[in-house]
Amino acid sequence: MGDNFEELVSDLSSFSVSNEENCAVSRIDLYKTKTSKQDQETRRAKFLERQKSDRQSSLSALRNIEEESQSPEKTNPYKNQLMLSEWLQDKPDDFEENWLCKFVPVGHRTLIVAHKGRTESYTKNGYRTASFPSMLPGGSNATRSSYSLLDAVWCDTNHTFYILDLICYRAHPVDNSEAEFRFYWGATKFSEDLPGISSEQRTNRYPMVWLPSVPCAKENLMKMMAEKQEFEVDGFLFYHKMGHYAAGPTPLVGWLKPDLLNKVLDLDLDLTSYQMDS
């Protein structure tokens, strides 16, 4: 693949963040019964309990890099490795205490793999869309001995990767770390270790911007909504603080479009800037 990501990605079918195939619950079924909330809450508890005993990475992409597998089997280690949200069906009982929120731009969900001196981007289905240099550890000749994996959104309008989550950084896996730590560590690494990564330059073909998160207390969400974003907002992702990064759908990550935010969360936020056509 070449470096022209914007041309390559235009040839793909929709892989947008809000594509309903990324959600375990369709929008049509969102309000069918109140038992749906109970089911989601029950599954969250099971996911959190399962994490305690499952400390080994479940991401084949990460295992492939760590083991440098030369298996003759024609498998794609980058297919279906992204963590996918469910439609948030109701306000979690511990919403203000244990949940974090992120703005999500309109764009294409992407797995970023920095390894052996190159940075590659993959769709959810493991289709490689670009290969280019970046400042990520492992992403250029200067750091080729290391490797990194990130969960991102590619924005066509400004040719920028917006980083949702950190899976592995400088050969240190964090997929089995809690979301609160991953977000803190990712934000710290981007601001302290990679100060020039948000701009385009010879060693960093495409800008990469870390998406900040805020605790879901009402006052935090009000302040967040009042801030002007540099991108068109597709929706909002809500992460349980204690959730690990695991491939596939999880009830520990919720998704809402702007027009459902107040209704589902029983809030009265000013969403004038985010109103969407029905």
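**Briefing: strand pairing and aromatic contacts**

Strands E1 and E12 (residues 248-256) run parallel and are joined by four bridges. Across this pairing, Glu-86 stands opposite Gly-254 in E12. The model is predicted; the protein contains seven helices and 12 strands.

**Sheet and packing helix**
- An open sheet of mixed pairing is built from five strands, in the order E1-E12-E11-E2-E10.

**Aromatic pairs**
- The whole structure holds 13 aromatic pairs.
- The ring centres of Trp-154 and Phe-161 lie 4.8 Å apart with the planes at 55°, so this pair is tilted; both residues are buried.
- Phe-190 and Trp-210 form a tilted pair, with 5.6 Å between centres and 45° between planes.
- This pair connects helix H5 (residues 179-192), which holds Phe-190, to strand E9 (residues 208-210), which holds Trp-210, across 20 residues; Phe-190 and Trp-210 are both buried.
- One aromatic cluster comprises Phe-132, Trp-154, Phe-161 and Tyr-206.

**Charges over rings**
- Lys-102 places its charged end over the ring of Phe-183, 4.0 Å from the centre.
- Arg-50 lies over the face of Phe-47, 4.8 Å from the ring centre.

- Of the 278 residues, 53% count as buried.
- The accessible surface is about 13200 Å², with 47% belonging to carbon and sulfur atoms.
- Among contacts between residues at least 6 apart in sequence, 71% join residues at least 24 apart.

Technical notes:
Residues numbered from 1 in each chain as written. Predicted model: local features only at pLDDT ≥ 70, side-chain atom pairs only at ≥ 80, totals over all residues. Heavy atoms only, no water. Pairing = 2+ DSSP bridges. Helix = DSSP H or I, 4+ residues; strand = E, 2+ residues; numbered from the N terminus. Buried < 20%, exposed > 50% of the residue type's maximum accessible area, 1.4 Å probe, protein only. Contact = heavy atoms within 4.5 Å. Areas by Shrake-Rupley, 256 points an atom, 1.4 Å probe, with all protein chains shown as cover. Phe/Tyr/Trp six-rings, centres within 6.5 Å; stacked < 30°, edge-to-face > 60°. Lys NZ or Arg CZ within 6 Å of the ring centre and 35° of its normal.
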